[in-house]
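Visitor: Could you walk me through a few spots in this model?
Guide: Gladly; here it is.

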Amino acid sequence: MMYWLYELREWMIAHQWISDDAALYKIFNLFRYHTFRAGGAALTAFFLSLMYGERLIRKLISLKIGQPVRTAEEVHKLYELHGKMAGTPTMGGILILGAIVISTLVWAKWDNIMVWIVLLTTIGLGALGFRDDYLKISKKNSKGVSARTKLIWQTSVAVVAGFLFAYAVPSDNGITLRALYIPFVKDAVIPDMGIFAVAMFAVIIVGASNAVNLTDGLDGLATGCSLTTAIAYAAFGYICGNANYSEYLGVAHNSLANELPIIAMSLAGACLGFLWFNAHPAKMFMGDTGSLALGGCIATLAIGCKQEIVLALVGGVFVMEACSVILQVWSFKKRGKRIFRMAPIHHHFELGGWHENQVIVRFWVLSLLFAMLGLATLKLR
């Protein structure tokens, strides 16, 4: 929307309503720069989160929308650690989702199809999370939406998004999003994967969505890790959307990706603002409304700038969390033994004696390191 101010200035100059050096309208020229609008999007999302955070907490408390905590015998010790959190308002992901959508609509160009694919995927998965949170709260248990229903919903959203990325986004200089790029290799390994690209994109979106959901188990853990990942993909998006930088660094170029940093910085600003209320001890949880939406947003950003494979490194903490659950389930079914004290892995360290704050901060540090390593792959091609 803000970009229209720049276009309005150009239109007024073309029709000789104002001169090119009119001081009053010269500031509108700033809105043509993606870096300026990305910064504006981050600040907008941050301040929206701060402005409405307390109001949302009061509203959720008044509606008795509290977080149910598992009390089964096998997690009794974990309950002792987190039982005090029962009743803390959840569904705070509404704040994150609203901040991302509003700030993106204010600062991004509306004629960019990638913007709409990312936003609609984020909203679609956020709606699933909202439904899941609502059922958990209304039924006063931690089950929510059935696993089958959740997977069908996630897959449906992911397939639609994958199809749009693969066939609705136009190629740029012969480069299509259906091409497969891997780290350390400059050119596409597979120039056109065809329909298999849709399947790959869908798997990435579903996987990232569930991985962030699994990470959201401690105060601010998923929020902080999403923040560092979003900043990394803001950089990737800027490079991918810039013809000169992408050529120099050997990155696939698509001019439409130049709007992705605005969404990524909206995500970063929303996470930073939410962290104000979600830091230990949390006054509000994001719930599945936030975690599923965050995972979908991150995955679609990665696909849009053709750095979806690097997501396994940039989002290393999310991968750790998801793999710990997969390994735990596999080991228990095959061997009858558990590998970890409890999965996801952040609970393993908690039960091992680490304080909750230690787990959170150390995982934040790991997330930052993973993001830096992911960006470092740009120079190794």
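This is a predicted model: local features need pLDDT of at least 70, side-chain atom pairs count only at pLDDT 80 or more; totals for chains, interfaces and linings use all residues.

Visitor: How far does α14 reach from its first C-alpha to its last?
Guide: Helix α14, residues 316-335, reaches 27 Å, close to the 28 Å expected for its 20 residues at 1.5 Å a residue. Helices here are DSSP runs of H or I with at least four residues, numbered from the N terminus.

Visitor: Which of its residues are buried?
Guide: Buried (under 20% relative accessible area, 1.4 Å probe, protein chains only) are G316, V317, F318, E321, A322, S324, Q328 and S331. These pack against α8, α9, α12, α13, α15 and α16, where contact means heavy atoms within 4.5 Å.

Visitor: And what comes after α14?
Guide: G336 follows, with a positive phi near 75°.

Visitor: Switching topic, why does T149 count as partly exposed?
Guide: Because its relative accessibility is 40%, and partly exposed lies between under 20% for buried and over 50% for exposed. T149 sits in helix α7, residues 147-168, and its side chain makes a polar contact of 2.8 Å with that of S146.

Visitor: Where is T149 relative to L128?
Guide: They are 21 residues apart in sequence, with their C-alpha atoms 9.5 Å apart in space.

Notes
Residues are numbered from 1 along each chain as its sequence is written. Side-chain values use heavy atoms; hydrogens and water are left out. Helices (H or I, at least four residues) and strands (E, at least two) are DSSP runs, numbered from the N terminus. A polar contact is a pair of N or O atoms within 3.5 Å; within protein, one must be able to donate a hydrogen and the other to accept it, and residues adjacent in sequence count only if both atoms are side-chain atoms. The expected span of a helix is 1.5 Å times one less than its number of residues.
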